[in-house]
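Take a walk through the structure shown here.

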2 protein chains.
Amino acid sequence: MTADRVNPEPPERAAVAALADDFLTSLRDWITIPSISTDPAHHGDVARSAHWLADALRADGWPEVAVWDHGPALPAVYACWPAEDPAAPTVLVYGHHDVQPVDPPEAWEHPPFAGVVVGEELFGRGSSDDKGQVAMQLLGVRAHLAATGAPAPAVTLKFFVEGEEESGSPHLADLLDRHTADLACDLVVFTDTPLYARDAPTVNTGQRGVLGAEVTFTGGTSDVHSGRVGGGVPNPATALARLVAALHDDDGRVRLPGFYADVVEPTAAERADHAALPFDEADWLAANAGGAQAVAGEKGWSTLERVWVRPTAEVNGISGGYTGPGLKTVVPREASVKLSFRLVPDQEPAAIAESLREFVAAHTPHGVTAAVVLRGEGTPPYAIDVDHPAAVAVRDAVEGAFEQPVRYSRTGGSGPAAVLHATLGVPVVYLGATLPDDRIHAPNERVVLPLLLRGAEAAARLWRSLPERLS
Amino acid sequence: MTADRVNPEPPERAAVAALADDFLTSLRDWITIPSISTDPAHHGDVARSAHWLADALRADGWPEVAVWDHGPALPAVYACWPAEDPAAPTVLVYGHHDVQPVDPPEAWEHPPFAGVVVGEELFGRGSSDDKGQVAMQLLGVRAHLAATGAPAPAVTLKFFVEGEEESGSPHLADLLDRHTADLACDLVVFTDTPLYARDAPTVNTGQRGVLGAEVTFTGGTSDVHSGRVGGGVPNPATALARLVAALHDDDGRVRLPGFYADVVEPTAAERADHAALPFDEADWLAANAGGAQAVAGEKGWSTLERVWVRPTAEVNGISGGYTGPGLKTVVPREASVKLSFRLVPDQEPAAIAESLREFVAAHTPHGVTAAVVLRGEGTPPYAIDVDHPAAVAVRDAVEGAFEQPVRYSRTGGSGPAAVLHATLGVPVVYLGATLPDDRIHAPNERVVLPLLLRGAEAAARLWRSLPERLS
């Protein structure tokens with residue numbers, strides 16, 4: 001598919017190889033900073049991490065580097081390296097430098113902030129999510145410049161590396177608003193998603209959105225004795241169970257009115273790509289599903305499709321009445337359920353919220369009062385058209401770097417890609433080289449170093465190819 | 001209906017009136033003992049309360065009085081006063097001398113263990129449940145003897161006053177087994193139920209049984225991220241909600257297989273009695289239902305029937321997944337529901353438990369594991385045939401004492417009556433003179449003193465009439 005098939009040693013690969021030792025030393029150093037954004041005790045470390053990154057960018061020769069540290073957002077890092085050709089496209093690379101907590105620390109085989117290397121693997125919090133991938137992008141730019149011999153990249157490159165992604169990016173929209181001019185671009189490269197598998201590299205094409213809500217049914221002002229009134233008054237917990245049961249039909253489809261009206265189904269080509277990926281149900285369950293014993297879900301779709309391209313309604317938590325040890329025979333005064341809906345293009349969180357309110361109203365029995373509390377405005381879904389020239393360019397770059405066929409995949413979770421797309425008004429493509437079993441958010445996070453080097457090569461190839469692809 | 005209609009001052013009434021001051025002094029003294037059986041710190045007070053009662057019985061002239069204090073049961077009091085006629089029937093009066101906790105103490109307008117009298121009301125924990133009614137029975141015996149002038153009661157009377165009723169009578173069966181000969185009788189008079197209302201005195205004819213169970217659905221070994229797997233694995237909380245929703249049909253009937261097979265419907269006469277009782281829905285809700293806004297339940301039955309003579313399935317508590325503040329997008333690893341089934345004659349707890357297990361098995365989806373844990377063996381339901389001579393005798397005695405029409409009622413809750421019936425092999429009738437709004441188990445428990453005096457008179461009348469009624 002690319003010329004590299006007949007050229008086993010393209011200049012980007014050689015450049016990456018030459019910089020690999022330096023890259024590893026640098027990444028190991030960055031990992032020693034415990035930039036845990038969810039823990040206020042580590043907010044100083046988040047700032048240290050931002051300055052570490054800014055210093056690294058400056059050392060690489062980036063002409064414009066800034067730490068955005070003007071609260072309430074934790075420090076983000078911005079850098080810009082203009083192309084020599086003022087007509088060249090501008091690409092914004094998004095990543096984050098904050099990391100997850102390490103609980104429980106005793107579950108780590110290697111210290112989480114030491115950057116221990118064992119064979120091909122580098123262990124440590126953030127090694128994969130997302131310091132490893134941001135470092136990969138820095139390496140990609142260095143390799144690009146080394147491969148072309150030019151003093152500046154072929155596209156105007158901007159890096160935007162936030163410090164609150166693991167806290168849910170609460171100030172991302174504020175940052176985007178405040179720095180509209182800085183962040184203006186023609187394309188976002190989102191670098192916080194994994195490959196499908198080591199033997200099945202993929203290019204991610206989208207993420208599901210999410211809308212969270214809590215529904216509370218209230219019957220009375222206090223729990224009452226079920227002997228005294230049981231059978232004679234509404235039971236809010238029973239009513240809530242009936243509401244939740246009504247959320248899905250027997251085929252696993254969500255029954256909110258109009259829920260599927262705006263759903264864009266994947267193209268035949270995408271479905272073929274997804275179907276061609278290696279998939280072993282038992283392996284998938286073991287790797288992903290926290291000990292779940294079987295797959296389940298919407299009839300007519302594969303497991304990968306169910307978690308990538310189909311919308312869902314899930315109970316995240318349910319509670320009501322007496323939940324302590326033993327028995328207490330009460331009719332609960334109220335019961336609540338936390339729900340989240342994963343959304344796919346072109347579902348809109350606001351429309352789904354409205355549909356949920358209608359659905360709850362229609363399923364609230366006489367004598368019960370319902371309250372629906374939304375958890376924020378939700379995150380919209382996002383997917384790029386797989387025929388978009390930028391998507392094809394990424395796929396070609398990854399295929400060249402990994403020297404094997406590459407397919408499209410998606411991500412079931414939600415992230416800031418849709419916010420970047422909506423705010424900046426440009427397409428978002430994904431470039432990542434980590435693995436789903438890197439144990440991000442868990443003890444013993446690691447990254448596979450040769451994959452990061454391939455990813456850096458892919459990035460370098462992408463920067464070289466983009467001016468022509470986007471012209 | 002009785003001769004008293006033309007004799008406004010029967011000897012029992014005069015006798016009660018003469019003993020009323022002494023009765024009140026004595027009951028106020030008993031109330032000062034905080035005999036809270038659920039609190040180990042008060043177990044010494046439970047013993048003090050037992051000895052207080054034993055002393056009171058001895059002072060009244062009872063020839064045989066014992067405190068059964070041989071563990072693990074908290075002390076119970078037993079007393080026997082044989083009739084002169086060895087052929088006279090033997091009646092066992094059941095009550096309890098332990099009381100509920102007082103939490104929250106600051107909600108009491110009068111100290112809970114001071115026996116404060118305001119007008120016709122005596123305030124204090126146990127004033128109604130059940131020291132007031134036990135004291136009423138002591139007064140009834142004294143009035144009976146005073147009215148007849150005989151040295152012994154017309155029936156052989158036995159009192160059995162346990163000290164663990166508020167703890168669920170955990171050793172009642174043991175006590176009954178251990179004291180089979182002492183407790184042998186022809187009839188039990190159960191004195192721990194209220195009248196329907198002050199202006200609508202009733203004789204209780206039965207209590208519902210209860211079976212408690214907890215059902216847990218497990219999907220995996222840990223909660224998993226709903227973005228990663230949502231839509232692709234079973235959600236135990238959703239599955240549990242579907243199980244609970246399936247418990248009732250749209251008419252509010254319980255869908256456990258065979259649930260209604262053994263249900264004995266009330267007679268036309270009982271239904272007519274229940275329908276004739278004054279019932280205001282708003283008043284009933286305000287007095288009973290903890291602020292519930294409406295009645296609900298099985299189609300085709302009145303509210304009183306729903307809580308008295310119809311069996312139920314109630315959710316007492318439900319929990320699963322994340323239940324803290326805000327949102328956490330997980331697919332829960334498991335979810336649990338605490339259920340209780342109120343049972344009516346002739347439903348058997350063991351059969352209902354078996355039916356529940358079948359029902360759960362039939363509603364457990366692939367990939368989910370179900371566990372059903374029963375909370376003990378359950379309490380069977382009990383009701384006396386309303387045409388039984390003892391039931392008619394009680395109704396006539398109450399009607400005479402209260403000087404107004406008396407109807408039959410039932411109790412929605414569960415209690416030891418069925419255990420007494422099953423173990424002793426004799427019918428159980430109910431004689432109580434408290435009110436549903438006495439705030440038993442709540443702050444500011446009180447009893448209406450003139451009603452207790454009427455109840456004592458009814459008891460005295462009953463003891464006089466029983467030899468003929470049961471002959």
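**Backbone, domains and dimer contacts**

A:Asp346 sits in the loop between strand S13 (334-343) and helix H11 (349-362) of chain A. Helices (H or I, at least four residues) and strands (E, at least two) are DSSP runs, numbered from the N terminus. The peptide bond leading from A:Pro345 into A:Asp346 is cis, with omega near -5°.

This is a predicted model, in which local features need pLDDT of at least 70, side-chain atom pairs count only at pLDDT 80 or more, and totals for chains, interfaces and linings use all residues. Residues are numbered from 1 along each chain as its sequence is written, chains are lettered from A and ligands numbered from 1 in the order in which they are written, and side-chain values use heavy atoms, with hydrogens and water left out.

B:Pro72 belongs to the loop between strand S1 (64-68) and strand S2 (76-81) of chain B. Back in chain A, look at A:Asn444. Its phi is positive, about 65°, although A:Asn444 is not a glycine. This residue is in the loop between strand S17 (428-430) and strand S18 (446-448) of chain A.

Now step back to the domains. Chain A splits into domain 1 (3-207 + 382-469) and domain 2 (209-263 + 311-374). These bounds come from an automatic or database domain assignment. The C-alpha centres of the two domains of chain A lie 40 Å apart. How many residues of domain 1 of chain A are in contact with domain 2 of chain A? Seven residues of domain 1 contact four residues of domain 2, where contact means heavy atoms within 4.5 Å.

The size of an interface is often given as the accessible area lost when the parts come together. Between domain 1 and domain 2 of chain A, the buried area is about 330 Å², with 46% from carbon and sulfur atoms. Buried area here is the accessible area (1.4 Å probe) that two parts lose on being put together, summed over both. The domain 1 side that touches domain 2 in chain A has two nonpolar, four polar and one charged residues. Ala, Val, Leu, Ile, Met, Phe, Trp, Tyr, Cys and Pro count as nonpolar, Asp, Glu, Lys and Arg as charged, and the others, Gly among them, as polar.

Side chains of opposite charge can pair when their charged atoms come close. A salt bridge is a side-chain nitrogen of Lys or Arg within 4 Å of a carboxyl oxygen of Asp or Glu. The structure holds 54 of them over all chains. One joins A:Arg464 and A:Glu12, at 2.4 Å from N to O. This pair links distant parts of the chain: A:Arg464 is in helix H14 (residues 449-469) of chain A and A:Glu12 in helix H1 (residues 11-31) of chain A, 452 residues apart. Between domain 1 and domain 2 of chain A, the count of salt bridges is zero.

The area buried between the chains is about 5600 Å², of which carbon and sulfur atoms give 51%. Two salt bridges cross between chain B and chain A. A:Arg242 forms a salt bridge with B:Asp250, with the closest N and O atoms 2.9 Å apart.
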